[in-house]
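Dear colleague,

Please find below the structure that I promised to pass on to you. My notes on it follow directly after.

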Amino acid sequence: MYDTLYISVILPLKLEWEPCYSVPHGMSSGKVETGDRVKVRFGAKEYVGTVSATGITPDIAPERIHPISSIENDLEKVLPEEIALWRKIAEYYLCSIGEVYKAAYPAMKITLEEARAAALKTARERREKIIRSMEERIARIEDRLRKKEEQIRTAREGTKKKLALEEGVAKIRKELDTAKAALEAARAGKAAPEGDGSDMNGNANEQGARLTLSQAQEKAYSEVKAGFAKGKPVMLHGVTGSGKTEIYIRLAQEAISKGKNVLYLVPEIALSRQLEDRLEEHFGERLLVFHSGITAAGRRNTAECIRNSRDGYLTLGTRSALFLPHHDLGLIIVDEEHDTSYKQDSPAPRYNGRDTALMLSLIQNSNIILGSATPSLEETYNCECGKHIMVQLKERYHGSGNADVEIIDTKAERRKKGMEGNFSRKLIDHIRKTLTDGGQVMILRSRRAWAPVLQCEECGELAKCPHCSVSLSLHKSGDLICHYCGYRTRNTGKCSRCNGSLKPLGAGTQKIEEEAAALFPDAKVARLDSDTAQNKSYETKTIKSFAKGEIDILVGTQILTKGFDFSRLSLVAVIAADTLLGLQDFRADEKALQLLEQFKGRCGRRGNRGMFVIQTSQPEHPIYQRIMAGDTECDISHLLAERKTFNFPPYSRMLEVTVRDRFEDRAERMAGKLADLLKKRFGMRPGAIAMPGSPVTGPYAPTVDRVSDQFLRCIRISLRKDRHLKEGKQAVKDIIRQFEKDGKYEDHIVIDVDPA
Ligand code: ADP
Ligand code: ZN
């Protein structure tokens with residue numbers, strides 16, 4: 001007689017427990033291990049789950065326990081480190097482990113053949129790319145050789161200079177020979193010569209890629225290492241263009257030479273694409289890329305490479321790359337740490353990639369470096385209280401070349417008839433001069449579409465989405481579109497209430513693009529926003545052609561402020577900057593400051609002085625004065641002090657609870673009842689009005705209080721970061737789960753920990 005084997009299984013569902021199943025005798029000779037994937041019935045459906053424990057003692061009657069349907073031997077086995085990360089995320093973000101599992105292993109239907117085909121294709125593409133880069137490199141070396149030989153011809157016989165030059169030439173010749181041999185080998189389809197481990201760059205390509213860091217970089221680099229030696233996360237605070245990336249590369253090379261793996265996170269796919277080429281030069285075939293812009297088969301292929309890899313690789317990706325089957329991680333890099341794109345809004349897990357990377361580094365016992373030119377207040381705080389180490393890199397690699405800032409008062413300009421459409425004459429002059437000098441221009445407008453709002457000339461009514469409490473935007477196509485739910489209708493030009501005519505208000509990116517094209521007919525103008533970025537290859541192409549100088553003026557939304565590196569970009573301008581400040585949120589100032597600072601950092605690279613123009617109707621706003629003064633340090637401490645006064649994060653842990661319902665009164669009532677329960681738990685009177693520093697605030701209607709026919713109400717909970725924090729968070733979760741169960745409110749309540 002055998003004992004029945006009982007196992008617990010993680011299912012891709014919002015379940016607070018891990019159900020128990022039995023393994024029938026004879027199935028796979030009864031051998032089931034933690035991490036195996038199994039098919040089971042739950043309710044009326046079948047799911048593929050992950051075994052989280054075996055040999056457990058069930059706490060329900062054996063006859064109520066179902067057997068598993070099958071063991072999925074063809075599916076990847078999940079590593080214990082992966083499950084550990086899921087648990088940590090579920091605990092921290094107050095969601096179920098099943099929701100994390102579902103995010104980590106989305107039900108992708110890919111046949112093995114597809115994955116293999118993708119693997120072959122990427123291997124071929126990579127080889128072709130490597131060959132191309134080798135050819136380019138040989139051309140560069142030949143160029144250098146020619147120049148040196150030219151110098152030798154003109155140098156006087158027997159002089160020290162001539163001897164040195166000859167020595168140089170011999171070196172370059174040798175380099176050329178090695179490069180040519182490597183190219184031959186690559187062309188013949190042979191594996192690229194392997195380095196001896198310590199010499200990663202001997203691999204495949206670019207010996208020249210071995211880095212010599214500048215003095216400032218060397219100093220920062222050794223401080224980073226010292227931080228790692230203390231076992232602490234390091235925050236690299238370096239202005240844009242200071243050479244942070246090169247430091248990451250050096251650290252990654254070191255980790256890989258020790259046989260360790262590296263994870264390199266960026267907030268956006270577009271940034272990943274721009275870095276790919278640069279990293280490929282250094283890491284060749286050891287570079288793996290993972291983000292949602294890659295086909296499912298390609299992603300699966302990357303996951304398999306990582307799972308099976310025995311020697312060091314570097315994975316470049318967006319936040320979803322955190323869920324790859326990582327093992328032996330030696331280093332995690334979180335670039336542009338401040339970027340809110342790291343935060344997943346929906347669905348659960350509503351995690352922040354930066355903070356999850358910190359959890360992963362603990363699980364993997366790996367080093368972690370975060371980098372930014374504009375550190376988040378959270379990170380600044382972490383460094384101030386000694387949890388993390390702050391390392392400064394203040395100089396730009398190619399020399400100063402900071403940007404001059406000019407604030408243009410659009411109200412005053414309008415009075416003086418100094419505006420042409422949305423462009424001030426002053427800005428037009430700057431753009432013209434930049435273009436004449438061969439420079440490039442970027443124009444930021446935070447609203448997309450042609451006109452963000454339409455208003456009736458008769459009754460003043462705004463054209464609104466029938467499903468959301470927001471205005472419809474007029475697009476160039478002639479459609480009115482809701483940017484929240486995607487609702488789309490033809491613009492009839494008539495008000496739905498009184499049939500008066502609708503007038504477009506304001507200008508979105510499409511209109512700015514049109515105006516720019518009309519003002520500068522000889523310039524090539526392009527646009528980048530989330531309408532164009534729907535098409536990822538268009539986005540990549542636009543960024544690449546801008547980098548190559550094929551586009552003169554690029555108009556776009558916030559995407560322009562991300563960490564791109566364009567050498568000829570010398571003027572960046574914001575049209576109607578006021579919309580950046582209009583947000584009513586405790587993070588608004590921090591975010592506006594980061595955005596402007598980042599955008600400013602895009603120009604004036606490679607030692608050229610850039611120019612930053614801000615058009616605004618509120619030139620007196622303190623944020624512009626700070627940008628002008630270039631003193632963001634002082635701002636940060638000012639902002640931190642403010643957060644402390646109001647007990648906002650990072651001085652407290654914030655939880656945002658959103659209640660939604662089709663009926664407004666029901667949403668209101670539900671939220672009111674829930675808020676009272678929460679207030680009671682945290683020692684406030686029911687119905688109490690929150691004061692600054694109160695643990696529970698709300699319920700209140702958010703600025704956009706209806707989306708896709710659901711009315712929204714929010715409650716905010718601020719918990720002190722003390723030893724009761726965990727307990728407090730758990731209490732919130734318990735109260736909400738109980739409330740949902742009692743009122744059958746499942747799917748009406750969302751918990752967001754650390755809302756962005
Ligand atoms: P950041 O990541 O801080 O914005 P980058 O690493 O992109 O800065 O560096 C800015 C520019 O300086 C890049 O063009 C880079 O190639 C160059 N650079 C930085 N460090 C070095 C170095 N040690 N050797 C050669 N070029 C460097
Ligand atoms: Zn809508």
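Contact here means heavy atoms within 4.5 Å. This is a predicted model, in which local features need pLDDT of at least 70 and side-chain atom pairs count only at pLDDT 80 or more, while totals for chains, interfaces and linings use all residues. Residues are numbered from 1 along each chain as its sequence is written, chains are lettered from A and ligands numbered from 1 in the order in which they are written, and side-chain values use heavy atoms, with hydrogens and water left out.

Asp355 touches Tyr93 and Asp754, leaving aside residues up to four places away in sequence. Asp355 belongs to helix α9, residues 353-364 (helices, H or I of at least four residues, and strands, E of at least two, are DSSP runs numbered from the N terminus). Its relative accessibility is 17%, so Asp355 counts as buried (under 20% relative accessible area, with a 1.4 Å probe and protein chains only).

Turning to the sheet, six strands form an open, parallel arrangement in the order β13-β25-β24-β16-β23-β22, where two strands pair if DSSP finds at least two bridges between them. Because β13 (403-409) and β22 (525-528) each have a single partner strand, they stand at the edges, and one side of each lacks a neighbour in the sheet. Within the sheet, β16 (residues 440-444) and β23 (residues 553-556) pair in the parallel sense over four bridges, and Leu444 stands opposite Gly556 in β23.

Helix α13 (residues 509-519) packs on the sheet, touching β16, β22 and β23, and its direction makes about 170 degrees with that of β22 (axes are lines fitted to C-alpha atoms, for helices over the stretch in contact, and angles run from 0 to 180 degrees between N-to-C directions).

Technical notes: Buried < 20%, exposed > 50% of the residue type's maximum accessible area, 1.4 Å probe, protein only.
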